[in-house]
Amino acid sequence: MAGSSVSGGATERIGYITRVQSFSACHRLHSVDLSDEENKKVFGKCNNPNGHGHNYKVEVTVRGKIDPITGMVMNLTDLKKCIEEVIMIPLDHKNLDKDVPYFARVVSTTENLAVYIWDNMVKTLLPNLLYEIKIYETDKNIVVYRGE
Ligand SMILES: Nc1nc2c(c(=O)[nH]1)N=C([C@H](O)[C@H](O)COP(=O)(O)OP(=O)(O)OP(=O)(O)O)CN2
Ligand SMILES: [Zn+2]
């Protein structure tokens with residue numbers, strides 16, 4: 001059968017499971033590697049010195065074998081705990097640039113936020129389980145990162 005392998009007589013099935021989490025944070029798009037004038041030119045209104053806020057929505061997807069005994073790729077309750085540690089505690093109701101040391105010198109774009117979440121999530125999950133981080137910065141601005 002396409003997309004599956006047989007081992008010891010049992011067909012191995014691969015599943016993708018996703019947990020969605022929302023959080024609120026503010027930020028300012030500003031690069032320490034650009035002058036004030038260049039920052040204004042590149043980031044426009046998003047370079048406003050006092051920042052602006054978003055209600056971010058993050059989808060965390062893991063990929064793996066569906067365990068024939070438990071019927072799970074991983075327990076979603078465990079994924080929920082990882083998301084609490086990696087997303088909610090450090091990011092929710094925070095100023096990304098001032099409260100999260102990582103963003104002191106890294107521009108808090110959604111791309112970089114996805115990388116930040118990926119790098120920390122991957123440390124808390126079993127190897128090769130994390131598949132994708134998808135962030136809705138707004139309803140219209142969506143970023144996907146897969147660790148490449
Ligand atoms: N490549 C990226 N570009 C931009 C990012 C980003 O993270 N990566 N972020 C922003 C801003 O943070 C900004 O808040 C987006 O605002 P805006 O464009 O106004 O958002 P919407 O498109 O949803 O707003 P509408 O006015 O309703 O179109 C900018 N660029
Ligand atoms: Zn923004």
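**Reading the sheet and the ligand shell**

Tutor: Strand β6 (residues 130-136) pairs with β7 in the antiparallel sense over 4 bridges. Strands are DSSP runs of E with at least two residues, helices are runs of H or I with at least four, and both are numbered from the N terminus. Two strands pair if DSSP finds at least two bridges between them. Within this pair, Ile133 stands opposite Tyr145 in β7.

Tutor: A caution on the source: this is a predicted model, in which local features need pLDDT of at least 70 and side-chain atom pairs count only at pLDDT 80 or more, while totals for chains, interfaces and linings use all residues. Residues are numbered from 1 along each chain as its sequence is written, and chains are lettered from A and ligands numbered from 1 in the order in which they are written.

Student: In what order do the strands of the open sheet lie?

Tutor: The order is β5-β3-β4-β6-β7, 5 strands with mixed pairing. The edge strands, β5 (94-95) and β7 (142-145), each pair on one side only.

Student: Which strands does helix α2 touch?

Tutor: Contact between two residues requires their C-beta atoms, placed from the backbone, to lie within 7 Å. Helix α2 (residues 76-91) packs on the sheet and touches β3 (14-27), β4 (52-65) and β5.

Student: Which residues are around ligand 1?

Tutor: A residue is near a molecule if its C-beta atom, placed from the backbone, lies within 6 Å of it. The residues around ligand 1 include Leu29, Cys46, His52, Glu137 and Lys140.

Student: Where does UniProt place the feature "active site"?

Tutor: The unreviewed UniProt entry gives Cys46, His93 and Glu137. Such annotations may be inferred rather than shown by experiment; the feature names are shortened, and the positions follow the numbering used here.

Student: Why does Cys46 count as partly exposed?

Tutor: A residue is buried if 20 or more other C-beta atoms lie within 10 Å of its own, exposed if 12 or fewer, and partly exposed in between. Cys46 is partly exposed because 17 other C-beta atoms lie within 10 Å. Cys46 lies in the loop between α1 (36-43) and β4, and touches Leu29 and His52, not counting residues up to four places away in sequence.

Student: Where does Glu137 lie?

Tutor: Glu137 is in the loop between β6 and β7. With 18 other C-beta atoms within 10 Å, Glu137 is partly exposed.

How values were computed
Axes are lines fitted to C-alpha atoms, for helices over the stretch in contact, and angles run from 0 to 180 degrees between N-to-C directions.
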